[in-house]
Amino acid sequence: MDTARLNRFVSGLWDDEIVPQLVEYIRIPNKSPMFDPKWVEHGYMDAAVKLMEGWARSKLSSLPGATLEVVRLEGRTPLIYIEVPGTGDDTVVLYGHLDKQPEMTGWAEGLGPWTPVLKGDKLYGRGGADDGYAIFGSLAALLALREQGVPHARCVVLIEACEESGSYDLPYYVDHLADRIGNPSLVVCLDSGCGNYDQLWLTTSLRGMTGGELTVQVLEEGVHSGDASGVVPSSFRILRDLLSRLEDPQTGTIKPKELYVDIPAQRIEQAKKSAEVLGTAVYDKFPFVEGMHPVTEDLTELVLNRTWRPQLAVTGVDGMPPLESAGNVLRPKTSVKLSLRVPPTLSGAKAGQFVKELLEKDPPYGAKVSFKLEKDGSGWNAPQLSSWLEEAVANASQTYFGAPAAYMGEGGSIPFMGMLGEKFPKAQFLITGVLGPHSNAHGPNEFLHIPTGKKVSMVVADVVARHYAQGAKG
């Protein structure tokens, strides 16, 4: 394969077609069902599907025999299913998603979640990097191979619309399409992160997640705080006390041993190497306020904290009036939304049930305490890389990034990976992405680093070609 020609083809396709398509995609507020329960009525999800479907269909003529179907199971978000014929009986699955996180506050002036802004090599707006580019990057890779006549295995592209809600629709589609998907030996996912933009990063593990709404109620209605304080316990104080059962308020360490696993020695060693490569970029990438510092100066511990250890985030609150309308009232209840990341090999379902029992048992003062579970996703630990894939990744990183490949776990979740890992235990996984420093997925000022998107597309093309060559060797 002519790698220079591949570079020119992919870069040109990104500049001429993919970036303009992503600009239009960012304009669509197609929030995941968890954040837009009326997604069917609003029609934004269908608009995003239509945009991606239209572009993909325009490319099928360059991929002889390729087919595309928007599969719609009743009551579920749609899924884009593309088959590209190949040589031989093997199959590669390429995965991505098209649903988005909600708006979030704090966008810089001139930027916004649904306002695409191109600044230099960065495309700002919600969803471009997470994960709208996946369908374009995947097809760009296959088109590049076809343009040179390089053989590859049969490829199946799956683009779901429920990932940001935990992929609860996806198992039904995988089962529905099982015979058509086949038994892949390689799975490519472009929905992950990268430690920097200087080299290829392979994701070795993903944390699971559980969480939901914790509510503490002490009264039927609010009362005068001067009359009730000191007599009626504050719902906020009780909630704070309950959270201390789960998390050490001084260190942020999760207390129950039931929420930990033994970290594999290889992952600890990879964490050390990642810390050496990244240095203080492990934490410098976050927009700390002046004078703020991370929970520890030990870089390896920071990497392990965000990849293999449970951690809690309070992501929302209810029952508290805005500051400007907060009277002297002892409020009847307080609710918070909890997001608990759990280790890759810990069952998300078991962790969620454990947390529910922990928080609801023996409520202080007999308060009404409820924890409504909303999330249940187990993590994933990658199988050992086969020698051919390890070599392919090393060569691709040097060829297209000019630097060695790096390996690190991710703190986020991609439920599809755990699901496929169970269904196809012998498959190899190429999990990578463009979410690098300051790209800020789910937060304000999210951006796609376009040069990295191009290079990742090239890497996918290269690895898919080497996958076929390896299969031809038997």
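Biologist: How much area do domain 1 and domain 2 bury between them?

Modeller: This is a predicted model. Domain 1 covers 3-206 + 379-472, and domain 2 covers 208-261 + 308-373. Of the area buried between them, 45% is on carbon and sulfur atoms. The total is about 530 Å².

Biologist: Which residues of domain 1 lose the most area to domain 2?

Modeller: Eight residues of domain 1 are in contact with seven residues of domain 2. Three residues of domain 1 together account for 57% of what that side buries. They are Gly379, Asn381 and Ser413.

Biologist: How many salt bridges are there between domain 1 and domain 2?

Modeller: A pair counts if a side-chain nitrogen of Lys or Arg lies within 4 Å of a carboxyl oxygen of Asp or Glu. Between domain 1 and domain 2 the count is zero.

Biologist: How far apart do the C-alpha centres of domain 1 and domain 2 lie?

Modeller: The two domains do touch, with eight residues of domain 1 in contact with seven of domain 2. Their C-alpha centres lie apart by 36 Å.

Biologist: At what angle do helix H13 and helix H15 pack?

Modeller: H13 spans residues 387-400 and H15 spans residues 450-472. Their axes are 9 Å apart. H13 passes H15 in a right-handed crossing. The angle is about 145°.

Biologist: How many residues of the contact of H13 with H15 are nonpolar?

Modeller: H13 contributes Trp388, Leu389 and Tyr400, among others. From H15 come residues including Met458, Asp462 and Arg466. Three residues of the contact are polar and three are charged. The nonpolar ones number eight.

Key:
Residues numbered from 1 in each chain as written. Predicted model: local features only at pLDDT ≥ 70, side-chain atom pairs only at ≥ 80, totals over all residues. Heavy atoms only, no water. Axes fitted to C-alpha atoms, helices over the stretch in contact; angles between N-to-C directions. Helix = DSSP H or I, 4+ residues; strand = E, 2+ residues; numbered from the N terminus. Left-handed = near helix turned anticlockwise from the far one by under 90°. Contact = heavy atoms within 4.5 Å. Nonpolar A, V, L, I, M, F, W, Y, C, P; charged D, E, K, R; others polar. Domains from an automatic or database assignment. Buried area = accessible area lost by both parts, 1.4 Å probe.
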